[in-house]
Amino acid sequence: MDNNHNVTELHKLENTLNKLLKKGTQQLLAQSIEAEVQSLLDNFTSLQANRKQGVVRNGHLP
């Protein structure tokens, strides 16, 4: 069998810039999701049942 081909092995680049970009992207995504959740909760603040807030955030610690 002939192993003579033009395929080369790709190496994953782990440099400081890639790590910084990944961390920044994760932070932006977390902030975006947090803002979406807060907006949803704000839209339902007037919804109440038995004088308690009808929509709450479950399982979230400060």
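This is a predicted model: local features need pLDDT of at least 70, side-chain atom pairs count only at pLDDT 80 or more; totals for chains, interfaces and linings use all residues.
At the start of helix 1, a side-chain oxygen of Asn 15 comes to within 3.3 Å of the backbone nitrogen of Leu 17. Residues are numbered from 1 along each chain as its sequence is written, and side-chain values use heavy atoms, with hydrogens and water left out.

**The overall layout**

The protein chain holds one helix and two strands, and their order along the sequence is α-β-β. Helices (H or I, at least four residues) and strands (E, at least two) are DSSP runs, numbered from the N terminus. Helix 1 contains 28 residues and spans 41 Å from its first C-alpha to its last, close to the 40 Å expected at 1.5 Å a residue. That expected span is 1.5 Å times one less than the number of residues.

**The surface**

How much of the protein chain is buried? Buried residues account for 2% of its 62 residues. Here buried means under 20% relative accessible area, exposed means over 50%, and partly exposed lies in between (1.4 Å probe, protein chains only). The accessible surface of the chain is about 6500 Å², and 55% of that belongs to carbon and sulfur atoms. Such areas come from the Shrake-Rupley method with a 1.4 Å probe; for residues, only the protein chains shown count as cover.

Leu 17, Leu 20 and Leu 21 make a nonpolar surface patch of about 320 Å². Leu 21 sits in helix 1.

Side chains of opposite charge can pair when their charged atoms come close. Which two side chains meet in a salt bridge here? They are those of Glu 34 and Arg 57, at 2.8 Å from N to O. Glu 34 lies in helix 1 (residues 16-43) and Arg 57 in the segment after strand 2 (52-53), so the pair ties together parts that are 23 residues apart in sequence. A salt bridge means a side-chain nitrogen of Lys or Arg within 4 Å of a carboxyl oxygen of Asp or Glu, and by this rule the count is one.

Gln 38 also has its place in helix 1. Between Gln 38 and Arg 57 there are 9.1 Å in space, C-alpha to C-alpha, and 19 residues in sequence.

Here is how accessible these residues are:

| Residue | Relative accessible area | Class |
|---|---|---|
| Glu 34 | 34% | partly exposed |
| Arg 57 | 32% | partly exposed |
| Gln 38 | 36% | partly exposed |

Notes
A polar contact is a pair of N or O atoms within 3.5 Å; within protein, one must be able to donate a hydrogen and the other to accept it, and residues adjacent in sequence count only if both atoms are side-chain atoms. Patches are made of residues with over 30% relative accessible area and no salt bridge: like charges are joined within 9 Å, nonpolar side chains (Val, Leu, Ile, Met, Phe, Trp, Tyr) within 5 Å.
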